[in-house]
Amino acid sequence: MKIIEACHLTKKFGELTAVEDLSLTVEQGEVLGFLGPNGAGKTTTIRMLSGIISPTSGYAWIGDYRTDGEIEHLHESIGLLTETPGFYEKLSARRNLEFFAGFYPNIEIKARVEKYLKTMGLWERRQSRVGTFSKGMKQRLALARALLHEPKVLFLDEPTAGLDPEAAREVRELVKKLSSEGRTIFLSTHNLTEAEQLCHRIAVIRTKLLAVDSGQNLRHRFFRREAVIRLDNPGGTVVEAVKKLAFVEDLREEADRLVLVLSEPDKNRPELVNAIVGAGGRILEVSEREHPLEEIYLKLMREEK
Ligand SMILES: Nc1ncnc2c1ncn2[C@@H]1O[C@H](COP(=O)(O)OP(=O)(O)O)[C@@H](O)[C@H]1O
Ligand SMILES: [Mg+2]
């Protein structure tokens, strides 16, 4: 069931088009990575989807609510982690969350605040002033705030940007946990590895939507896979036998390895192995090389230019 639907969203700031004709759906329970370089329109999109700004044209739905419609209902359905979350630095973590929880009707404030301080590993520090928190702790507190009203959809705008590697890892683990609980998460990032680790599908944006697919499919779509066969006895007869196979599109030798491009990798592999063994080849290892997502990203950007 789809829970986010964007239809031809466009946002112009004067002459500048920040987002152009963006159409996209996100399924319930899905983690969608929204990937693009600085200035690509990620934050602008999130602000349109969460009803903070209006699109110049196009529209969007979150569940049953249009983002330009009943804003109260919309705000109950979504949680938002902004790029620079602000807190009352002189108040404790707990007081801050109690304050923000007060905006939502019908929630048991104390219990909710306790629950999410614990979820985010901040319960021990509940009495500390937020001003004394590290960046990573503030980010976890911001996640707790976004979750207080237990929204259906969570928007996370570059949740690990500016964090040290350890704090970034902690935040990623928390995102994984939220995902495993079945939450729908729309996560923007300019970090490709992060998108691959956390997201079911990745939407690549640079003003326009360039591609939407799983990390794996993005790879397969834009690059050929290479089969790598490591041999105990590389050389002559085996290479000749492999060259004769019609489905071998490319072949090169690297030390004790044969690196091949197959026309249908998953289908051809058994026959390939049979041919090598038939020619007296002693196989130590069969593996596959895949190109990192980084290259796809750059390729998409180049094609767009
Ligand atoms: N309020 C605004 N007024 C004018 N230009 C803006 C505004 N917000 C964003 N932009 C511009 O829109 C483009 C997209 O910005 P943004 O959505 O913040 O990108 P990202 O989050 O991907 O880095 C950028 O060129 C940015 O300068
Ligand atoms: Mg941004």
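**Sheet and ligand shell**

Strands S3 (residues 31-35) and S8 (residues 184-189) run parallel to each other and are joined by five bridges. The model is predicted. Both strands belong to an open six-stranded sheet with mixed pairing, and helix H1 (residues 42-49), which packs on that sheet, also contributes to the shell around ligand 1.

**Sheet**

- The strand order in the sheet is S6-S7-S8-S3-S9-S10.
- Strand S6 (78-81) and strand S10 (208-213) form the edges, each pairing on one side only.
- On average, neighbouring strands of this sheet are turned by 15° against each other, direction ignored.
- Within the pairing of S3 and S8, Leu35 has Thr189 of S8 as its bridge partner.

**Helices on the sheet**

- Helix H1 touches S3, strand S7 (153-157), S8 and strand S9 (201-206).
- The direction of H1 makes about 155° with that of S7.
- Helix H5 (residues 135-147) also packs on the sheet, where H5 touches S6 and S7.
- The direction of H5 makes about 165° with that of S6.

**Surroundings of ligand 1**

- The residues around ligand 1 are Phe13, Leu16, Ala18, Gly36, Asn38, Gly39, Ala40, Gly41, Lys42, Thr43 and Thr44.
- Strand S2 (16-27) and H1 are the elements that give two or more residues to this shell.
- H1 supplies the largest share, three residues.
- By residue class, the shell holds four nonpolar, six polar and one charged.

Notes:
Residues are numbered from 1 along each chain as its sequence is written. Chains are lettered from A and ligands numbered from 1 in the order in which they are written. This is a predicted model: local features need pLDDT of at least 70, side-chain atom pairs count only at pLDDT 80 or more; totals for chains, interfaces and linings use all residues. Two strands pair if DSSP finds at least two bridges between them. Helices (H or I, at least four residues) and strands (E, at least two) are DSSP runs, numbered from the N terminus. Axes are lines fitted to C-alpha atoms, for helices over the stretch in contact, and angles run from 0 to 180 degrees between N-to-C directions. Two residues are in contact if their C-beta atoms, placed from the backbone, lie within 7 Å. A residue is near a molecule or strand if its C-beta atom, placed from the backbone, lies within 6 Å of it. Ala, Val, Leu, Ile, Met, Phe, Trp, Tyr, Cys and Pro count as nonpolar, Asp, Glu, Lys and Arg as charged, and the others, Gly among them, as polar.
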